[in-house]
Amino acid sequence: MKRLSTLSGYDMLAIQMLYKGAVAGFIYPNFIIRSTEGAYWIPIAVWAAGALLSSWIFSRLLAQLNGEKLIAGIHASIGGIWTCVICLPVIFFLLTALVVMLRAYTEVITMTMLPTTPIAFLNGMLIAPAILALAGMMPIVRAARVFFLLTLLLTLVLLIVGLSDVHWITGAPWIRTNGDFLLDKRFYAASFIWMGFVITSLIGPHTRHSARRNWKMYSAALLCTLPLIMGYIYLPVMTFGRELSKRLTFPFISKMDSISHYWILFENLTAIFVSVTMFYLFIVIALKLHAIGEMVAVIMPRANKRWIHSGAFLVVYASATLLVSWRVVENITILTIGLRLYVMFVFPLFGLLALAYGRRAGKEGAL
Amino acid sequence: MSTSGYGRAMMLLLCLPIVFVAGCWDSKDIDNRLMLGVMGLEKRSVDSPLNVWFRFPLPKGAQDGTTSKQDFFTTSQYGQTVSDAMNKVRYKLPKALDPSSTRAILLDESLAKTGVDPYLEFAIRERSVPLDAVVAVIRGNMERIFTHANPTGELTGIYTKLFFEKYAGGIPRKNRTMLWEVYAKLYNPLHSNLIPLLTEGKQNSYVLAGNAIFVKDKLVGELNLDESLLYEIFTHRFHDSEVELMSKSDIRIVHNHTRVSTSFKDGKPIIRLDTSLVTTLIDSSRYRRQNASEVVAEFEADLNAHAKSMFEKTQRLGADVFGFGDRFRSRLQPSEYEKWPEMFKHAEISYSFRVDLRNTGLEFLD
Amino acid sequence: MRDILASIYRLTEQPDSVPLLGLLNEAFADSSDYRASLIGAVEGEELYLCYLDSLCSTEKLEFLLGDESGGDLSFRLSRYSGAGLMEGEFQRCEIAVCSGSAVLCKQSSSAGLILPLAENQQRGIGSPVTENVLQGPMNAFIESLDVNTALIRQQIHSSKLKMWETVIGTASHTRVALYYYADAIDPELLSDLQDRIAEIRIESIQDSAQFLRILMSRKRFHLFPLAISTERPDRVSMDLLKGKAIIMIDGSPFALSIPSVYTDFWHSPEDKYVNPFVTNFLLTLRFLAMFINLFLPALYVALTSINVDVNRLEISLAAAASREGVPYPVFVETLLMLIMIDFITEAGLRLPKTVSSTVTMVGGVVLGQAIIQANIVSNLLIIVVAATAITNFIVIDYQMGLVQRILKYFIVAGASIAGLLGIVFCFACLIIYLSCIETFGTPYLTSLWPKKNKVT
């Protein structure tokens, strides 16, 4: 029964698309819309290229592994202390990402559907993905497959319905850009949406073959989700115009609110959007928690897996509950830009160095 | 997780408090809510406070099937803002006020003239009133509209919605405008609002009188019904068929297409509209015989006259209700957007119509 | 066939051991249906026949015990018509007697001859009770393992169909059989199953569903049924060829098909016999029914107490009108009604057919009408609850249907806490739970049972 439990191509596609779906829906459009006066697809495309580069570096790194897990491989090469040093920022990044994600989502819920339900109670929903994370990678993948089917279907429906009342001319300018986004911190803050490959790299064993396949599937997922991301950004813009969209905290949610058709069964499409986002979110939170669990398990081999996960759960829950306001959530995303850039570009380079060092040390040891 | 009954019992015990949480927050049973159907904002003069009218449809009791009972309840409340009025009206109500299903927001003409912006923001910020509620300007006495029963018998609120909806009483001239459109155009310097204008009806609740032109958030003029028809054609909002009455014969427009081409010359926007209409004849004058080409020529003359008066009116006011400005987004710098209303005043607008008379109905014309 | 007389001569006497007859008499001391009758003498030693009157076929014993047959003992013995005979010590003899054989022994011999003369009490092969189909094979398993084996063998005429048998239960000594199709089965699954069955230590076993529970008991508690129990030979043969293992136990007409994944529970054997478009339509119908059954009451709660803005004003007003005068919160009202309809279902199930229709009538129509008039629940809810009950009967597998009946309360609780989001949360939890389950090494949530090991 001990098959090598790597992700299949389809699983990778599903997980990556779920990741994008989970993060692209609420904070992201606002960041992009406010970051530039020019065409919105340009900052998206710039980051997509960045994501491809980052994932390519990662895939080179993963290709060095022989059915090991990434962190375990690094640990074997350079020992515990150095692994700690290069991994701590990654763990910290995962934790902040979890906090932001959870809090942003519960904030959306209180802003739209359940205005008086306490955030502390809503944050409790973290328990479901936490249990899933504890159950291991294959259960996450299986749940991801089911959620992927559900969410893909519903998201497509929402996007297609969202095409009503759209005026293409409002989306202009389509080509013009003056590069103003490069100076805007929100542009860099929006990088969190492109971290999908990092998370799948951190979990599960990898081989040369699986690394190449994963990278291909990641690129495919990137292409598939571009329409989704574009939809999240351009649909509100083309409905409300740029001026109003800039003022909206969640442009896509307001867009969903504005749709009214005689034949739509539900009056309130926002409810469906928020529900679908929950599916997206659960998988991504579970993956991140699992990644944290695996990393900590490598660094502290004697720790009980259950305690690690409980600890991560408590930290995320407490910090998400203690955050004061939406502003803080936004600020955290902006403050952790450096962390994300480290994880996307510097960490895999360190990893490559570490593995190369480990191989040389191994050779010298053999000689 | 242990297999013992003890572990299972512990889990159940842990889950039990959650069940007691049921109904703690945000839970109000539907029969304990008063669903708001229509809301009316009225302001008699600049200094007087806002008067908000509320009309609640009442559920028909299952026990007494008789409809003799009044099926709605109306109340009004003064307040500084809509939210303020809503809070105050709660002092009077036995059940929870629930504006989440509001179908229509009626604005008083005098309020529209002083500016609507301060009174609409609550809707999008708090997400209390649905963004797809229909907005209309009312000329005349709002009290009568709110306190009298709908003669056609529909539930209140639904009546106003049906009045505009394409699947029911909506016709192109009615220019259905939803709350989010109003709100979006308030912020968009390139596009002005055009909101249907209703007057109090004699036998009915209200009658369509025209469409009110807004500059920023203030009502400044109106388009009459025939001009509204052209507005609908030029802005691609015209989807159904519509009857155009002429002096001698009546024509139905069954299909229309407008091509808008824009350019920019010497800081002056140039807008060219080419419209093709497919029509059918539905009634001809018996007194003066006309052939098809005469009918078409007369129709074109009519259209040109309406278009001329419409563009004159809007350009004079600097109100780009057509959204031509959006077509200049790429050509203007974002900083220049604010100047658009001025530019629109001097824009060169030309239009041409191509009318095809597809058939003359089941009877030949000559 | 060995000569029975010669065998009797060979029955040994070991002087140091207690004679078999004495041991048997002692073991069956207080059993009134135990007989040890003297049938004659061979070489001066008395020959006894020990058997249980209730299990042994009296017709087959006629040759030994019949008065009128008369004649020489050797002549009578030569008329023995049973299938084979064995020699055995006390332990084997005791078990043999318990399972209906007769033991022939000399008074002082330490071993006896076992004559398999059992006559099992069993009903004839009938049509399936729980899995009705309109078209397709109409026979069903019965309580006898041998007959069931024959039924399976009649479906698959191949030497590749293997059967492994063992006995389980320290008291019941129940025969348990494991069938598999040699080319299709995953050998790991097979050895795993055999190991698990060998590990079972239990006093007795009555039904195959119970056997499944025991088989899984070392794992944590499972809500969902992990193996389909079927009484249809055609379904069993289909599953065998798909590479599943089938477990049957003697005395139960239900076969366990292992491993079964979630989607298997939604297939009726009939699906294979009709046009694939119809099959897909039926499958869609079933899944739709599942969703309605799970979510309809919860949606009612969510839409009438929390997310009122999701439905149209017209619906809201109708719902408000129907709830006018109902003194309880929606949540309580719904729970009340759901429990009521479960009472009615359960009452109808356990009663004889003639009475149950009356119960359904009284429960459904009279009670429903009265409860509305008494203003205890709204009439919209009656529609909801009735639809929920009907959709529950569409579930193919009985055990899955029971699970659904429980789950709907869980989802209603979620809806009453957080409305639509509560429903979605509960649904997500359900999927998460399902994706964590594995049945015998196969994930429960695989959509397709992989056709592996086809190429060997």
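**Exercise 1. Identify the residue of strand 13 of chain B that is the bridge partner of His257(B), and describe the pairing around this position.**

Solution. Step 1: in strand 13 of chain B, His257(B) has Ser276(B) as its bridge partner. This is a predicted model, in which local features need pLDDT of at least 70, side-chain atom pairs count only at pLDDT 80 or more, and totals for chains, interfaces and linings use all residues; side-chain values use heavy atoms, without hydrogens and water. Residues are numbered from 1 along each chain as its sequence is written, while chains are lettered from A and ligands numbered from 1 in the order in which they are written.

Step 2: strand 12 (residues 250-265) and strand 13 (residues 268-283) of chain B are antiparallel and share 15 bridges. Strands (E, at least two residues) and helices (H or I, at least four) are DSSP runs, numbered from the N terminus; two strands pair if DSSP finds at least two bridges between them.

Step 3: two residues lie between the strands of this hairpin, and Asp266(B) takes a positive phi near 50°.

Step 4: strand 13 of chain B is also joined to strand 14 (residues 348-359) of chain B, in parallel, by eleven bridges. There, Ile271(B) stands opposite Ile349(B).

**Exercise 2. Give the strand order of the open sheet of eight strands in chain B, and state which strands are at its edges.**

Solution. Step 1: the order is 4-3-2-6-7-8-9-10, with mixed pairing. Step 2: strand 4 (72-79) and strand 10 (218-223) of chain B each pair on one side only and are the edge strands. Step 3: from one strand to the next, the twist averages 30°; axes are lines fitted to C-alpha atoms, for helices over the stretch in contact, and angles run from 0 to 180 degrees between N-to-C directions.

Step 4: within the sheet, strand 6 (residues 104-108) and strand 7 (residues 134-139) of chain B run parallel and are joined by five bridges. Ala104(B) has Val134(B) as its bridge partner in strand 7 of chain B. Step 5: helix 2 (residues 82-89) of chain B packs on the sheet and touches strand 2 (38-42), strand 3 (50-57) and strand 4 of chain B, its direction making about 120° with that of strand 4.

**Exercise 3. Characterise the interface of chain B and chain A by its area and its salt bridges.**

Solution. Step 1: 30 residues from chain B and 34 residues from chain A are in contact (heavy atoms within 4.5 Å). Step 2: the buried area, that is, the accessible area (1.4 Å probe) lost on being put together and summed over both parts, is about 2,700 Å², with 55% from carbon and sulfur atoms. Asp26(B), Arg127(B) and Trp180(B) supply 26% of the area that chain B buries, more than any other three residues.

Step 3: there are three salt bridges, each a side-chain nitrogen of Lys or Arg within 4 Å of a carboxyl oxygen of Asp or Glu. One of them links Asp257(A) and Arg127(B) at 2.7 Å, N to O.

**Exercise 4. Determine how many salt bridges cross the interface of chain C and chain A, and describe its extent.**

Solution. Step 1: 27 residues of chain C are in contact with 31 residues of chain A. Step 2: about 2,500 Å² is buried between the chains, 72% of it on carbon and sulfur atoms. In chain C, Arg312(C), Leu421(C) and Ile432(C) lose the most area to chain A, together 26% of what that side buries.

Step 3: two salt bridges are found. In one of them, Glu267(A) meets Arg312(C), with the closest N and O atoms 2.7 Å apart. Step 4: helix 15 (residues 398-436) of chain C gives the largest share of the side of chain C that touches chain A, 13 residues.

Terms used: Buried area is the accessible area (1.4 Å probe) that two parts lose on being put together, summed over both.
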